Amino acid sequence: MAKVHPNMVPAPGAVDQAPCAPASSTEEPTTLTVWRKSLLFDCKGFTVFDAKGNLAYRVDSYASESGDEVVLMDAAGRPAFTVRRKRFTLQGEQWLVFSGEETRKPVYTVRRSGRGKTSAHVTACAGAGAGPSYEVEGSYARRSCVVYDGERRAVAEIRPKEVVGTDVFRLVVQPGVGVSLAMAVVVALEQMFARPSLLRSWSTID
């Protein structure tokens with residue numbers, strides 16, 4: 001089997017530094033390899049590498065935790081986004097995305113959808129800078145889905161990685177979209193659609 005994690009030392013500038021910072025319109029798409037495994041003992045999570053094999057992101061969730069709140073960290077361990085399940089909602093399963101570790105004012109909501117090919121809606125929250133909203137189409141369980149913006153442009157895509165199964169896959173993010181935000185959406189999709197979820201204890205569902 002091919003080596004999944006060739007370089008474990010973080011490379012400066014491997015991905016966007018600010019959580020919502022867009023890439024330059026002149027840049028090439030950013031391709032990440034996502035491994036559904038934490039490198040820490042007794043943890044569940046993600047380890048994410050850039051195209052050069054450098055560590056880009058990580059998610060570490062201890063086995064004793066419910067997984068109803070997950071922190072996406074950059075390669076240096078700084079919180080990029082916190083993803084938290086919204087309880088007591090009448091609009092279907094929803095996950096709130098907060099910038100960094102701040103959990104008072106969400107910047108995005110990821111809501112599960114059961115209509116047609118759309119699997120989730122990613123909506124900017126009021127007062128969060130009026131960011132764009134997105135729709136996710138396809139199957140996260142098969143690691144095959146596309147994120148579209150409001151003009152139906154494909155801005156990110158989850159693709160299966162040949163041979164290695166569903167525990168390793170690619171995330172391709174187009175220029176102009178925050179790579180950290182795209183990775184936070186992947187974390188929310190994992191919570192909603194993976195059975196069992198890598199990060200979440202399903203016995204905690206209300």
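A polar contact here is a pair of N or O atoms within 3.5 Å; within protein, one must be able to donate a hydrogen and the other to accept it, and residues adjacent in sequence count only if both atoms are side-chain atoms. With that in hand, the side chains of Asp-60 and Ser-38 are joined by one of 2.6 Å. This is a predicted model, so local features need pLDDT of at least 70 and side-chain atom pairs count only at pLDDT 80 or more, while totals for chains, interfaces and linings use all residues. Numbering runs from 1 along each chain as its sequence is written, and side-chain values use heavy atoms, with hydrogens and water left out.

**The chain as a whole**

- The protein chain has 12 strands and one helix, where helices (H or I, at least four residues) and strands (E, at least two) are DSSP runs numbered from the N terminus.
- In sequence order the pattern reads β-β-β-β-β-β-β-β-β-β-β-β-α.
- Of its 206 residues, 47% count as buried (under 20% relative accessible area, with exposed over 50% and partly exposed in between; 1.4 Å probe, protein chains only).
- Take the contacts (heavy atoms within 4.5 Å) with a separation of 6 or more: 39% of them come from residues 24 or more positions apart.

**Around Asp-60**

- Asp-60 sits in strand 3 (residues 55-62) and counts as buried at 17% relative accessibility.
- Leaving aside residues up to four places away in sequence, Asp-60 touches Ser-38, Leu-39, Leu-40, Cys-43, Lys-44 and Met-73.
- Lys-37 is 23 residues away along the chain, and its C-alpha atom is 8.6 Å from that of Asp-60.

**Around Thr-47**

- Thr-47 belongs to strand 2 (residues 43-49) and is buried, with 2% relative accessibility.
- A polar atom of the Thr-47 side chain lies 2.5 Å from the backbone oxygen of Lys-37.
- With residues up to four places away not counted, the residues Thr-47 touches include Trp-35, Lys-37, Leu-55 and Tyr-57.

**Cysteines**

- Searching the whole structure turns up zero disulfides (pairs of cysteine sulfur atoms within 2.5 Å).
- Cys-125 is buried at 14% relative accessibility, and Cys-145 is buried too, with a relative accessible area of 4%.
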